[in-house]
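Dear colleague,

Please find below the structure that I am handing over to you. My notes on what was found in it follow directly after.

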Amino acid sequence: MSNSCGRPGDDRKRGLSRRGFLRQSATVAALGMADAALPRGAAFAQSAGTEILTGCHWGMFRATVENGRATAIRPWEGDPWPSPQLKGVLDSIYSPTRIKYPMVRRAWLEQGPGADPAGRGTGDFVRVSWDEVTELLARELVRVRDSYGPEAIFGGSYGWKSPGRMHNCQTLLRRLLKLNGGFTSSMGDYSTGAAQVILPYVTGSIEVYEQCTAWPNVVENTELMVFWGANPLRNSEICWQVADHGAFLGIDGLKQKGTKAICIDPIRTETAQYLDAEWIAPRPQTDTAMMLGIAHTLYSENLHDAEFLAKYTVGFDRFLPYLLGESDGTPKTADWAANLCGIPAETIRDLARRFAANRTMLALGYSTQRQHHGEQSTWMLVTLACMLGQIGLPGGGYGLSYHYANGGAPTHLSPILPSITDTPGQSAGGGAAWLSAGGTVAIPVSRLVETLLNPGATMDYNGTKITLPTLKLAWWAGGNPFSHHQDRNEMVRAWQALETFIVQDFQWTATARHADIVLPATTSYERNDIEQVGDYALSHIVAMRKLIEPLHEARSDYDIFTAVADKLGFGYAYTEGQTEMDWIRSFYEAAMIEARAKGMEMPVFDVFWNSNQPLAFPLPEEQRQFVRHATFRADPLLNALGTPSGKFEIFSRAVQAMGYDDCPPHPTWMEPIERLDGPTANYPLGVAANHPVKRLHSQLCGTILREDYAIAGREPCWMNPADAAARGLKDGDLARAFNDRGQILVGIRITDEIRPGVVRIDEGGWYDPADPRTPGSLCRYGDVNVLTTGIATSRLSQGNCGQTAVCEVERYEGTPPEVRVFLEPGA
């Protein structure tokens, strides 16, 4: 395993360097690139042979293609920590879950839009031709637009679409709907719905997707590494772009150095196990209380950095009366916190002392804010870091993306590939399009069900009021809402308000099975594209070359939308006269211009495309030593934060002015709607809906990888031995997990790697109702979001509460129903 992270001298091992392309380029030589070139003949021999380089969310890989079929894949030789999920990537192409043909639900086809909405999910589909379905789609877009207005069309398609700058299905969908006159879109995301809204008021930026202090700096300088609800060794197998796996090098660096690590989590995670970290397991949803107990100890024992608070923050004086109990009569002592979180008071006090005595990095995960009042944990973590006073110092402070997409992997000197935009004629650009609105009307992404159930109602959001539109048609491309949304049964009921639901995907997910019109899209391995490697590293550009021709009647998203645009009369406006390869070439050539401005020469497009190697970029030493907020610490006036004060805001006047009773103007412990051992809990077990093992959310659930983790053919339910014994359960048992919202079947896995009183059921399991027409029907496979609550985190952010749930688990008696979701409907 390599201990480097893509240094300039390593480029000859990791990809075709610019010297390999241009050989004698003085510009590249001036950058200190490798002297040796990858043998040119070897590269072109591979290109002409059967092994083709491409990339995906799990990393770059080489695929063997024989007689038009992909038969094997192996990780790219430069990947420092290849993902074992790649075998599922290969299987996904040929899985029984592939959608083969355009399909229309029989009732909708024969009786028209809105017919028998309760019949969605029953699997009664009719095969139609592409010409027929294209006509149906065009006619329906016009009907809904003209009858109800464009805002009645929901095009906020959301989810982990495949990477690639060309075939961004969500952007391509919005492009079509804008040309049709407009649509309702979504804003924000499920991953960080609460944090991304509160943090601009606290730190002045969205923060959660921004670069942390680089891993090499952390390895060199951090004395105490604290992972709070963060598990890089699980979550960093993937990236939004093509995965680079740089976080694994950072974690391995900590292990090799022997850096002390603490993992605060109800689960003893892979990261905790690999680092042999100290494991502290609080009750779920009590993180804010535990942080407050630490903060009280820091202040009462004079361990806080008063000078940092005075110079770099505002509002501590207004937070302090709450911390000390002067404003509400309840001091937030370690003993107070211990009663809530279940961690001994002396352990909480000891954490405060150790945090202050060492150069400490606090790495917070997203799960702590995906819960009722989730804004508070993120705000309180930043407040803790401010009290410690180590923000901006090497190896100290906090990081909010160490567990996401290999955050902390040092950023290479690379241009940014543009991408196709959702507005025809607009210059191509990059950026996080899923966070923006872009429609005629926009709603918070996790409030779609609330919108369907309450058309015309007014919703608070981030200091504004939103009038919820009346939605009649939804078009989803490249996402799986019947996996990622909470309170599945409420969602099924809400979906009946739609007259037409269109799904464009390559697999028969639960979402596709609940559609009226189903369009078979290609996988990213059946089309061409281009992408960068590493969301933070940006170490390479890779040609995502087509491996095989589209299977069955699948078409690329671009071709599907182009055909509909042609039918509507604006085909040329949609394509701007460009083919798939025209767009890809233009993105690359735009990056060439930016690279030249940075003092680098990239090869011409055709040489790059045919090389069968990724294009590597150098890593400056200053990026290896990047420290988050170092410039702010050095000069807080010249490098002011984006908050109104220019400093960290522990008390926010802006939040105060909104007057939300569920989001006070400083970090606050607020009792969630339900939690383990909480005053309103109707069930005895807390539910940890973790990021899954061997899946990306729901992606790859419909592949052979399921054989590696399914128990009794169902999603695993991790349970502590004491909880299992109390229920008469043993390893491998089939059980029913249930609460007032629904019921699911699970397979029991007994382990001491989970806190007593907590069960872990990973999110992303495919929803498989035994009787789709019956509300509350048993989910045969184990979709945990049948159990989670659909309420919002608060009126400020309207984020999701995917980690808020309690349940009971009991042995399932009788003959279990057959799991059907991994077969074609009607099979």
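In this predicted model, helices α14 and α16 are roughly perpendicular to each other, because their packing angle is about 105° and angles of 65 to 115 degrees count as such. Their axes lie 11 Å apart. On the α14 side, the contact is made by L292, A295, H296 and Y299; on the α16 side, by F316, F319, L320, Y322, L323 and L324. Nine of these contact residues are nonpolar, one is polar and none is charged.

Strand β7 (residues 184-187) runs parallel to strand β14 (residues 441-444), and four bridges join them.

The whole structure contains 58 salt bridges. One of them joins E135 and R139, at 3.8 Å from N to O. These two residues are four apart in helix α7, about one helical turn. E135 is partly exposed, at 31% relative accessibility, and R139 is also partly exposed, at 49%.

R354 and D350 form another salt bridge, at 3.2 Å; both lie in helix α18, four residues apart. In the salt bridge between D460 and K465, the closest N and O atoms are 2.6 Å apart. Here D460 is buried, at 13%, whereas K465 is exposed, at 60%. Elsewhere, salt bridges with shared partners join E301, D335, E346, R349 and R353 into one network.

With kind regards

Definitions and conventions
Residues numbered from 1 in each chain as written. Predicted model: local features only at pLDDT ≥ 70, side-chain atom pairs only at ≥ 80, totals over all residues. Heavy atoms only, no water. Axes fitted to C-alpha atoms, helices over the stretch in contact; angles between N-to-C directions. Parallel < 35°, antiparallel > 145°, perpendicular 65-115°, else oblique. Contact = heavy atoms within 4.5 Å. Nonpolar A, V, L, I, M, F, W, Y, C, P; charged D, E, K, R; others polar. Pairing = 2+ DSSP bridges. Salt bridge = Lys/Arg side-chain N within 4 Å of Asp/Glu carboxyl O. Buried < 20%, exposed > 50% of the residue type's maximum accessible area, 1.4 Å probe, protein only.
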